[in-house]
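Biologist: I'm new to this one. Can you walk me through it?

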Amino acid sequence: MTELERKIKAKIPGADTGIEVKKSLCAICSPGNHCGLDVYVKDGKILKVEGTPEHPYNQGHICTKGAMNRAYIYRKDRIRTPLRRVGKRGEGKFEPITWEEAYAEIAEKLNRVKDDYGANSVAFTTGYCKWYRPYYHRFVYAFGSVNYSTDDCTCYRAMVLANECTMCRAQGPDIAHTNTLMAWAWGGFYSDHLSVGEVEELKARGGKIVVIDSRITRASQRFADVFLHIRPGTDGALALGMAKIILDNGWADMDFIRRYTYGFEEYAAYVKQFDLERVARITGLNLADIMEATRLFATNGPACCNFSASTLTQQYNGFQTHRAILCLLGLTGNIDRPGGNIPSSNTYLCRPAGFKSRESQYYMEKAPDLTQMFLYDKFPIWYEYCHETQAITLADVILSGEPYPIKALYGVGMNFKMYPQTDKLVKALDQIDFFVNTDLFMTYTSKFADIVLPCCSSLERGEFKVYPGGYGVYTKPVIQPLYESKSDTDILCELARYMELDDPLLLEGYEASVDYIMQGCGLTVEQFKQSDLPVKMPNAAPTPVGTTLRNGFTTPSGKFEFYSNVVARYEKSHGLSPLPVYIPSFADDPSPEFAREYPFFLSAGCRIPNTLHSRLHEVPWSRAIRPEPMVEIHPDDARRLDIHDGDLVEVYSPSGSVTVKAMLTRRIHTGTVEVAHGYTEANISQVVSDQHQNPYTGFPGYKASRCNIRKV
Ligand SMILES: Nc1nc2c(c(=O)[nH]1)N[C@H]1C(S)=C(S)[C@@H](COP(=O)(O)OP(=O)(O)OC[C@H]3O[C@@H](n4cnc5c(=O)[nH]c(N)nc54)[C@H](O)[C@@H]3O)O[C@H]1N2
Ligand SMILES: Nc1nc2c(c(=O)[nH]1)N[C@H]1C(S)=C(S)[C@@H](COP(=O)(O)OP(=O)(O)OC[C@H]3O[C@@H](n4cnc5c(=O)[nH]c(N)nc54)[C@H](O)[C@@H]3O)O[C@H]1N2
Ligand SMILES: [Mo]
């Protein structure tokens, strides 16, 4: 009996079941997780999934979403064949076509736009899915267009830009060796389940935890020694106020500041404005709590802080809020030392794994003239560091035809609902001649496409993935792709052949590209495929703590920059500030009339445990947990507006509205409302203006934008 058979027998006693347990990974949620899965398969069908106990990363754990893999993969709206639109855009009428017809038509149309208008007139974009990105990026550059964009235009990248302008690209908290954690806008229980374990351990060994959140959460209730229940969008003021307290009390690490930092004098002078009373007024917190949180952080070190992948940066002041928080770590010397925040380098797909790959070289060697990206002049910090178009204002670019017409749009997992003021983008589509989308499901967005291509899920394909600790894995399909679906990289490769792209490596396919990217790491795709589980890379060598302090930061001064030399270049031209300033979340429209008409602050998309963005709302199991989209309202506001639990309420702004049921809760502040995102029947992104953008990064203000509510 094989080990596998023994395992099945142990789990299903007495059975000669014909069931095989195969290894794969769950790609439903962020690339930061991608937990190992044991998939039970019989007759080519998935029966159920469990976490893989011997997987080095998740060690058997999976979350609510991971447990839904089977229901997700067998969603009723899986696309079965390539489709050509026969009805109006959005109507959902299609005819099935063959892959050959689809490729031929796409190749012909895209190459025609390139001939008539130039390659940049085809915009390429992708949603949240990450696994095919380097391959897709190179595909776009091989075609000759600079217009490659991803969900980075609203997620993660702004935090990375703030890191880069302050210290280095990637960094993270060393919770295993810390004494105090600042859990700042940390949604671990819902958004990052594997991060909870080490916080539990910190608590168990007597460490201190400060939770700073705009709602009462499971983390605030379970972990907080001090809980700062802050008003949304005011975190920058809190961070600067904490800096003043640290300086006034002599808690700053002056030795660290002298040796490793730049611009301290200017920063210290600026934070003087943030006295405790003013900060308490702005944030809605009480003085004693702010004092106590600051004391713990500054005197019970080493201390560290999680990073907020999107929440704190999806705000008008987001970039500077993240910088202000980093500056607290610099001020107390909690950088690149055990228990502080440690610089790291990403290996592949935003994951640090302790070895280097040639990921960016792989696509950058084909890059066209990047200064031709649209909005190049508008968000200089973005374009300083990022090799992608900031796509949030895609609708404006299409509608204005500036700086050049966009005639075709090629989407891979594109989801309009990710974009603020979604209807504007939908309207802009009228001016696009040709739109292709690739997805597993017939989504709201795909209904607008001229050609829809069916891709398959992670359990139906092979993909490469790295994990912390020096691991890499190349998965094998556990079932055949359903219907006529294919893996995204196979689709792109076959299309590249039809388009006659001049790129032999790309035409060789995904595996050859992975080999190119991982060259020098010690293993090839063929060798990875020998193992069902992640294998340790022979050449993995984690960077020791303290290396960055020794070698210097990646800023222009080589120091930790309180005063950013890169931002300073755009101070006069763009009105940007080199210091981590606090600007209220409605500085772009501070008029009293606007505040009167739209008195509520909206959080448009707090994470909920039963879905990832739009992906699981259509899975019945997930719907059963939360059958309808809801707006959360504080009971005091509800009483004033005569709103009761379950009443229909319109949430609106000048940009749009949704009508949803009210859910009364004391977890949030009065004057704020929260609506989860990704629902087709109530798309909250619609209510957020696409012009309400962070001036440094272009990120939309999904958190703390203004709205009003009324009973309908
Ligand atoms: N209102 C609001 N909007 C937001 C946010 C918010 O908080 N509030 N958050 C922003 C953030 S942080 C992010 S990351 C984005 C997420 O943005 P989205 O891109 O909207 O994320 P998803 O809905 O997960 O995925 C998009 C599409 O990819 C498809 N898909 C899944 N797997 C695959 C695959 O393997 N291949 C292909 N081709 N397609 C696949 C899914 O079916 C789905 O239709 O949303 C942003 N938009
Ligand atoms: N279940 C689930 N998990 C996900 C996702 C998902 O859609 N569903 N999406 C994935 C993606 S793409 C991302 S980017 C991450 C995001 O992951 P997180 O950053 O964890 O996202 P949120 O849960 O929106 O926000 C975290 C916490 O910040 C709080 N918060 C909101 N506004 C403010 C504010 O102004 N100040 C402060 N101090 N706190 C605030 C929220 O109440 C919440 O408790 O999640 C990933 N994981
Ligand atoms: Mo995200």
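Biologist: Which side chain has an N or O atom 2.8 Å from a nitrogen atom of ligand 1?

Modeller: That is D488. Keep in mind that this is a predicted model. The protein covers 98% of the 910 Å² of accessible area that ligand 1 has on its own.

Biologist: Which other polar atoms lie by a nitrogen atom of ligand 1?

Modeller: A polar backbone atom of M418 is 3.2 Å from a nitrogen atom of the ligand. S685 brings a polar side-chain atom to 2.9 Å from a ligand nitrogen.

Biologist: How many residues surround ligand 1, and which are the closest?

Modeller: There are 36 of them. N415, D439, A604, R607 and S614 are the closest. By type, the shell has 16 nonpolar, 13 polar and seven charged residues.

Biologist: Which domains give residues to that shell?

Modeller: Domain 2 (99-156 + 349-536) and domain 4 (592-711) both do. Ligand 1 therefore lies between them.

Biologist: Back up a step. What domains does the chain have?

Modeller: The domain assignment gives four entries. Domain 1 is 3-74 and domain 2 is 99-156 + 349-536. Domain 3 is 168-345 + 554-574, and domain 4 is 592-711.

Biologist: Now ligand 2. Where does it lie?

Modeller: Ligand 2 lies between domain 3 and domain 4, because both give residues to its shell.

Biologist: Which residues come nearest to ligand 2?

Modeller: S191, D213, D235, I608 and T611 come nearest, out of 29 residues around the ligand. That shell divides into 13 nonpolar, 11 polar and five charged residues. Helix α6 (188-191) and strand β10 (208-213) each supply at least two residues of the shell.

Biologist: What polar contacts does ligand 2 have with D235, Q315 and T611?

Modeller: An N or O atom in the side chain of D235 is 2.7 Å from a nitrogen atom of ligand 2. T611 uses a polar backbone atom, 2.7 Å from a nitrogen atom of the ligand. Q315 has a polar side-chain atom 2.9 Å from an oxygen atom of ligand 2. The protein buries 95% of the 900 Å² that ligand 2 exposes when taken alone.

Biologist: How far apart are the C-alpha centres of domain 3 and domain 4?

Modeller: They lie 27 Å apart. The contact takes 23 residues from domain 3 and 23 residues from domain 4.

Biologist: How much area is buried between domain 3 and domain 4?

Modeller: About 1,900 Å². Carbon and sulfur atoms give 57% of that area. On the domain 3 side, R215, Q314 and Y316 lose the most area to domain 4. Together they make up 36% of what that side buries.

Biologist: Switching to the backbone. Is the peptide bond from G301 to P302 cis or trans?

Modeller: That bond is cis, with omega near -5°. P302 sits in the loop between α13 (287-299) and β13 (303-305).

Biologist: And what about the bond from E402 to P403?

Modeller: The peptide bond from E402 to P403 is cis, with omega near 0°. P403 is in the loop between α17 (394-400) and β15 (408-412).

Biologist: Why point those out?

Modeller: Because most peptide bonds are trans.

Biologist: Does Y483 have a positive or negative phi?

Modeller: Positive, at about 50°, although Y483 is not a glycine. Most residues other than glycine have a negative phi. Y483 lies in the loop between β19 (471-474) and α19 (488-499).

Terms used: Residues numbered from 1 in each chain as written. Chains lettered and ligands numbered in written order. Predicted model: local features only at pLDDT ≥ 70, side-chain atom pairs only at ≥ 80, totals over all residues. Heavy atoms only, no water. Near = heavy atom within 4 Å. Polar contact = N/O pair within 3.5 Å; in protein donor to acceptor, adjacent residues only side chain to side chain. Areas by Shrake-Rupley, 256 points an atom, 1.4 Å probe, with all protein chains shown as cover. Nonpolar A, V, L, I, M, F, W, Y, C, P; charged D, E, K, R; others polar. Domains from an automatic or database assignment. Helix = DSSP H or I, 4+ residues; strand = E, 2+ residues; numbered from the N terminus. Contact = heavy atoms within 4.5 Å. Buried area = accessible area lost by both parts, 1.4 Å probe.
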